[in-house]
Amino acid sequence: MSMRVTQSMLNSNMLRNVNNSMGNMDRLQEQLSSGKKTSKPSDDPVLATRAMYYRSALMENDQYVRNVDEAESWMGATDSALDDVGNVLKRVQELMVASGNDDLSVEDRKVMASEIVELKNHLGTVANQTINGRYIFAGTDTDKPPYDVATGQFTNTNNSQINVEISQNTYTAINIDAQKVFNSPATNNIFMIMDKVISNLQTGVSSMPLMNDVKGQFENVLTERAALGARVNRIELVQERLANSEVNITALKSKNEDVDEAEAITQLKTQENVHRAALSAGARIIQPSLLDFLR
């Protein structure tokens, strides 16, 4: 049984199709003007979900980058400080060797003692090194100076690690165990040994008998600096990985959200032709009927 097609049905179908065509043109025009495939989540829920995931991943990656940058700054300051400590100990050893010369007078050794006093003061300054207002050799007590200028001794005993998350569930310590550098052993640390060296020289006595103690402290510095260097190398590898991750995630995010302009322009041009054809066909469908002439 055939269905009777009326003029009203033709008109309604024609208007609906023209509206659909205009809707498609509007969608393509909006894509080109915004550069995005969708303007609201309801346009494509799956795409919107993926977009949220990629944005979250980028924010997370950016935070890890900031954490790694902080770790690198902290470790860089620590390495520079340990280099200063090593240079101080080298100079102390040079003076100690020179003090063993029997031709030196008491006054000569007192002059050496004065220089070592200044070296000790500088060592105290290094021990109180800060970064962003935090003491790097104080363990987790970063708000308290580990070296007491008044007593000339390293009074801090905190050797706790400061851990920073450099990737998901991966942490690294950004500080070293300063006790092994400035307070090992606690009864004869680097500052106490320097006090003994100063005392010997001020009384005109050679400080050579203390040479092994100073060498032991120098070995402590080298050991901690080597361990720090290994962590710095790891941080550099993590930095490279995070940089690559940012590029990859950004590319996926762009592929998911951004419109292909060439493809969208082609589709828009095609839709324009379709729309014109629909209008042309509609003009033929909406023709004057017999009733129009009988009015």
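Apart from its neighbours within four places in sequence, Ser184 is in contact (heavy atoms within 4.5 Å) with Gln179, Asn189, Gln217 and Asn220. The model is a predicted one, in which local features need pLDDT of at least 70, side-chain atom pairs count only at pLDDT 80 or more, and totals for chains, interfaces and linings use all residues. Residues are numbered from 1 along each chain as its sequence is written, and side-chain values use heavy atoms, with hydrogens and water left out.

Ser184 sits in the loop between α4 and α5. Helices (H or I, at least four residues) and strands (E, at least two) are DSSP runs, numbered from the N terminus. Ser184 counts as partly exposed because its relative accessibility is 27%. Here buried means under 20% relative accessible area, exposed over 50%, and partly exposed in between (1.4 Å probe, protein chains only). From Ser184 to Gly216 the C-alpha distance is 9.7 Å, across 32 residues in sequence. The peptide bond from Ser184 to Pro185 is cis, with omega near -10°. Pro185 belongs to the loop between α4 and α5. Most peptide bonds are trans.

The protein chain holds eight helices and six strands. Along the sequence their pattern is α-α-α-β-β-β-β-β-β-α-α-α-α-α. The C-alpha trace spans about 135 × 30 × 30 Å along its principal axes. The radius of gyration of the protein chain is 39 Å, whereas a compact globule of 295 residues would have one near 19 Å. This radius is taken over C-alpha atoms, and the globule rule is 2.2 Å times the number of residues to the power 0.38. Of the 295 residues, 36% count as buried. Among contacts with a separation of 6 or more, 70% join residues 24 or more positions apart.

Helix α3 covers residues 106-127. At 1.5 Å a residue, its 22 residues should span 32 Å, and the end C-alpha atoms are 31 Å apart, which agrees. The expected span is 1.5 Å times one less than the number of residues. Buried residues of α3 include Arg109, Met112, Ile116, Leu119 and Leu123. The buried residues of α3 fall within an arc of 145° seen down the axis, so they line one face of the helix. The arc is that of the directions from the helix axis to the C-beta atoms. Glu107, Val111, Glu118 and Thr125 are exposed on the face turned away from the buried side. The buried residues of α3 pack against α2 (45-99), β3 (147-148), β4 (153-154), α4 (179-182) and α5 (190-202).

Strands β5 (residues 163-167) and β6 (residues 170-173) pair in the antiparallel sense over four bridges. Pairing requires at least two bridges found by DSSP between two strands. Glu165 stands opposite Tyr171 in β6. The hairpin has two residues between the strands. Asn169 lies in the loop between β5 and β6 and has a positive phi near 60°. Asn169 is exposed, at a relative accessible area of 64%.

Asn132 also has a positive phi, near 55°. Asn132 lies in the loop between β1 (130-131) and β2 (134-135). Its relative accessibility is 72%, so Asn132 counts as exposed. Most residues other than glycine have a negative phi.

Asn156 occupies the loop between β4 and β5. Asn156 is buried, with a relative accessible area of 9%. Beyond its neighbours within four places in sequence, Asn156 is in contact with Phe137, Ala138, Asp141, Pro146, Gln179 and Asn183.
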